[in-house]
Amino acid sequence: MSDSSSNGVQPVLQARDVSVQFGGIKALTGVSLSVRAGEICGLIGPNGAGKSTFLNAVTRLVTHGTGTITLYGASIEGAKVREMIGLGVARTFQNLGIYASMTVIENVMLGAHHQLGGKFVQAIFIPLRSWREERVARQKAMAVLDEMGMADVAGMMAGSLPYPLQKRMEIARALASEPKILLLDEPAGGLTHGEVHEFGELVDRVRRNRNLSILLIEHHMGLVMGLCDRIVVFHLGRNLAEGSPEEIKSNEAVISAYLGRAA
Ligand code: ADP
Ligand code: MG
């Protein structure tokens, strides 16, 4: 396994030898993965490979056993889940994590509020106490929605949006916290072929505009191969392979464990 720090540039995110166990289930056994500044790193592998668990470990939703996870060289051990956003880490969830009965802009403001350090519940329900913070958060949220091509639906109930726009809104909320690294867990699930293409272009544009680092978990191979600078493959909770899209496409171990012959 190549060590991504060997080129002398410190990765944004570096996980080494990370293990996570749920009771008797070893979800991750000594995995290593790093994300470099400004790159889109793909994380692929069969269902149950431990991809979501890895994101959960990086965002402190689960506690890893052995191994180290660092952000810009500093260990995240001891950080609370709510502190990760302040450390520049934002994510979306495999299953939508949206508030259906709130408007789109309110959902996105959740991200901006985190970034401002405000208490969202207080800001929404006691607007007089924090009207200035509210206004700043609203402006930020609107700017992100505009960047995501969603300004026209800002006032709609999130639950009434078509599914692809709900997924996109979740990314907008993550971006509202102005992260350094964005972790996307199957963001293109449920999108049609045409929507996937458009979505890929959007993610690439956002990455370039913001000089963002992205870790992308996705099963849609057209998207992964077209978008990612580098791909890491997990299988059965372990690293299986790492390389460029071309290398991964032709890797025999990856083909037999995951991609199949047709890929
Ligand atoms: P992937 O995202 O690659 O499909 P997951 O990370 O969701 O894989 O799951 C990896 C393994 O860990 C699976 O066997 C899954 O059942 C198990 N697992 C994940 N989360 C939990 C949990 N909270 N409790 C118990 N087992 C879990
Ligand atoms: Mg998953």
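Biologist: How far is the polar side-chain atom of Thr53 from an oxygen atom of ligand 1?
Modeller: The distance is 2.6 Å. A polar contact here is a pair of N or O atoms within 3.5 Å; within protein, one must be able to donate a hydrogen and the other to accept it, and residues adjacent in sequence count only if both atoms are side-chain atoms. This is a predicted model, where local features need pLDDT of at least 70 and side-chain atom pairs count only at pLDDT 80 or more, while totals for chains, interfaces and linings use all residues. Residues are numbered from 1 along each chain as its sequence is written, chains are lettered from A and ligands numbered from 1 in the order in which they are written, and side-chain values use heavy atoms, with hydrogens and water left out.

Biologist: And which polar backbone atom is 2.7 Å from an oxygen atom of ligand 1?
Modeller: One of Gly48. A polar backbone atom of Gly50 is 3.0 Å from a ligand 1 oxygen.

Biologist: How much of ligand 1 does the protein bury?
Modeller: 61% of the 560 Å² that the ligand exposes when taken alone. Areas come from the Shrake-Rupley method with a 1.4 Å probe; for residues, only the protein chains shown count as cover.

Biologist: Which helix gives the most to the shell around ligand 1?
Modeller: Helix α1, residues 51–58, with three residues. Helices (H or I, at least four residues) and strands (E, at least two) are DSSP runs, numbered from the N terminus.

Biologist: New topic. How many aromatic pairs are there?
Modeller: One. Phe54 and Phe234 sit edge-to-face, 5.7 Å centre to centre with 85° between the planes. Rings of Phe, Tyr and Trp (its six-membered ring) pair if their centres lie within 6.5 Å; planes under 30 degrees apart count as stacked, over 60 as edge-to-face and the rest as tilted.

Biologist: Which parts does the pair tie together?
Modeller: Phe54 lies in α1 and Phe234 in strand β9 (residues 230–235), so the pair links parts 180 residues apart in sequence. Both residues are buried.

Biologist: Last one: is Leu236 buried or exposed?
Modeller: Exposed, with a relative accessible area of 62%. Leu236 is in the loop between β9 and β10 (238–243) and has a positive phi of about 50°, although it is not a glycine.

How values were computed
Buried means under 20% relative accessible area, exposed over 50%, partly exposed in between (1.4 Å probe, protein chains only).
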